[in-house]
Amino acid sequence: MKAILLVGLDQPDSSWNWGSGLTPVLQKFIDHGGRILADEESTCPVAFTKTSMKVAAYVTESNFDPTPMLFTRNAENISKLCSAMDGVSAPLAASESQTVWAIPTRCMDTQYVTVVNQGYAEGDEAKERLLPPDPKASKPEVWKFKGNASLYVKPQIGALKWSTDRPIYDVQLGKKLTPEEAAKVDLTKDGFRWYALPPGEITKPEIVLDKGVSGFYEARVILSGEKHMGGVPVQLTVTGPNDSATVYTVTDTTARLPLRETDDGEYTVTATELLTGLTETAKVTNHAPTTVTPRAQVQVREQAVVSKFASRKKVPLTIALTPEQEADKALAAQVQALKNFYQKKGRVVSIGSVKPGGVVESLQPLRSPNRYPQWKTTTTDLILFGTPSNNILLFDQARGEILPRNFASPGPSEAALLYTRSPFVGECDALDIIATDNAGITAAVQKLVSAP
């Protein structure tokens with residue numbers, strides 16, 4: 001960091017000082033060559049440069065991007081800031097064009113520069129239409145023209161001046177650039193370019209594999225050389241007997257692989273550094289135990305809570321069926337068995353339909369940060385059958401992330417019993433019988449009605 005700009009940090013009285021306790025840190029920043037700049041309002045407990053900048057950090061709310069207006073409005077501020085920065089060491093990369101922005105970042109030992117195109121249309125070009133007019137519009141739709149910088153970014157080729165002795169790599173192209181190539185930035189096809197500057201030349205990666213405490217394999221990719229080369233982007237692909245999976249990380253960082261010690265077979269781990277495409281592979285051979293505990297036909301999440309579902313006598317209960325399920329005669333016997341079971345437990349039970357006018361009343365009347373579940377049901381507990389792919393209320397729970405994380409539908413003749421709390425209306429819960437076929441539903445119902 002070369003300089004800090006203070007904006008709006010004034011001190012109207014002695015009751016509060018924004019820099020209280022920060023004086024040693026700010027002084028250390030100055031001692032190491034940093035510069036503190038301040039607008040016309042701000043003050044600072046250590047030596048600083050007064051710029052007389054007048055900064056108004058607001059724009060009128062609009063669907064029209066005001067970037068061109070901001071450049072014009074802040075022309076004097078920009079000039080003052082440039083004067084105040086005179087003598088500060090040059091940044092990693094810079095452009096003389098005000099519409100080519102070079103933004104530096106860092107990841108471990110590797111420096112990065114993101115060059116953003118802030119170009120915009122001017123003059124007659126700004127009057128060219130981008131979107132068709134709305135015949136019902138009562139006001140001029142100026143935002144539908146090229147003059148709106150949020151819809152149209154003017155393609156351009158910019159020039160960059162680099163202040164570094166590090167090699168420069170184009171991350172998008174996956175190659176090292178010559179000084180001539182790095183000095184020119186092509187922004188005619190993409191709105192940005194991304195460059196990586198590791199401490200030295202990229203070498204072939206090395207993979208270090210180990211078994212983590214979580215039961216998953218872990219990988220650490222290293223680039224050999226005279227300097228530490230952490231922070232270089234890496235792609236890790238695990239290929240097994242049936243499929244493959246890919247994760248991303250950076251060099252000199254431990255990454256958990258999608259490979260467990262219990263995954264039987266031979267696996268290949270391929271590491272590809274993403275600045276030039278150099279790769280290395282490693283082999284993993286697992287011999288899983290031959291005896292595998294068979295999975296129960298009916299999986300029950302929160303067994304104690306499911307058992308207490310029968311005791312909710314103050315809340316009505318509806319066994320809700322989709323139109324397809326209502327026409328399924330084989331399912332009718334299981335529905336009746338559930339109805340009889342819960343009635344004997346003292347609950348008021350009815351059979352309803354998963355459709356508007358049935359148990360579905362409307363969309364949720366109040367908006368929340370979570371868009372789903374979006375359906376409001378009648379004030380009743382529910383029993384639902386099927387899967388998220390064939391029951392809209394199960395689907396609504398799945399996309400609302402109410403179902404367990406990484407939940408997968410059971411296999412043929414299997415089922416899962418899931419209990420969800422107030423998914424559609426407050427204080428009314430749901431018992432989800434997840435199954436892909438009637439055999440699975442039958443097994444789940446029999447497990448429920450056989451409970452004491």
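Over the face of which residue does Arg-347 lie? Arg-347 lies over the face of Phe-309, at 4.9 Å from the ring centre.

The model is predicted, so local features need pLDDT of at least 70 and side-chain atom pairs count only at pLDDT 80 or more, while totals for chains, interfaces and linings use all residues. Residues are numbered from 1 along each chain as its sequence is written, and side-chain values use heavy atoms, with hydrogens and water left out.

**View A. Phe-71 and Tyr-120 form a stacked aromatic pair.** The structure holds seven aromatic pairs, where rings of Phe, Tyr and Trp (its six-membered ring) pair if their centres lie within 6.5 Å, and planes under 30 degrees apart count as stacked, over 60 as edge-to-face and the rest as tilted. In the pair of Phe-71 and Tyr-120, the centres are 5.9 Å apart, with 25 degrees between the planes. Phe-71 belongs to helix H2 (residues 67-73), whereas Tyr-120, 49 residues apart from it, is in the loop between strand S6 (110-117) and strand S7 (156-159); helices (H or I, at least four residues) and strands (E, at least two) are DSSP runs, numbered from the N terminus. Phe-71 counts as buried at 12% relative accessibility (buried means under 20% relative accessible area, exposed over 50%, partly exposed in between, with a 1.4 Å probe and protein chains only).

**View B. Tyr-112 and Trp-194 form a stacked aromatic pair.** Their rings are 5.4 Å centre to centre, with 25 degrees between the planes. Because Tyr-112 lies in strand S6 and Trp-194 in strand S12 (residues 192-197), the pair ties together parts that are 82 residues apart in sequence. Tyr-112 counts as buried at 6% relative accessibility, whereas Trp-194, at 32%, counts as partly exposed.

Terms used:
A charge sits over a ring if NZ of Lys or CZ of Arg is within 6 Å of the ring centre and within 35 degrees of the ring normal.
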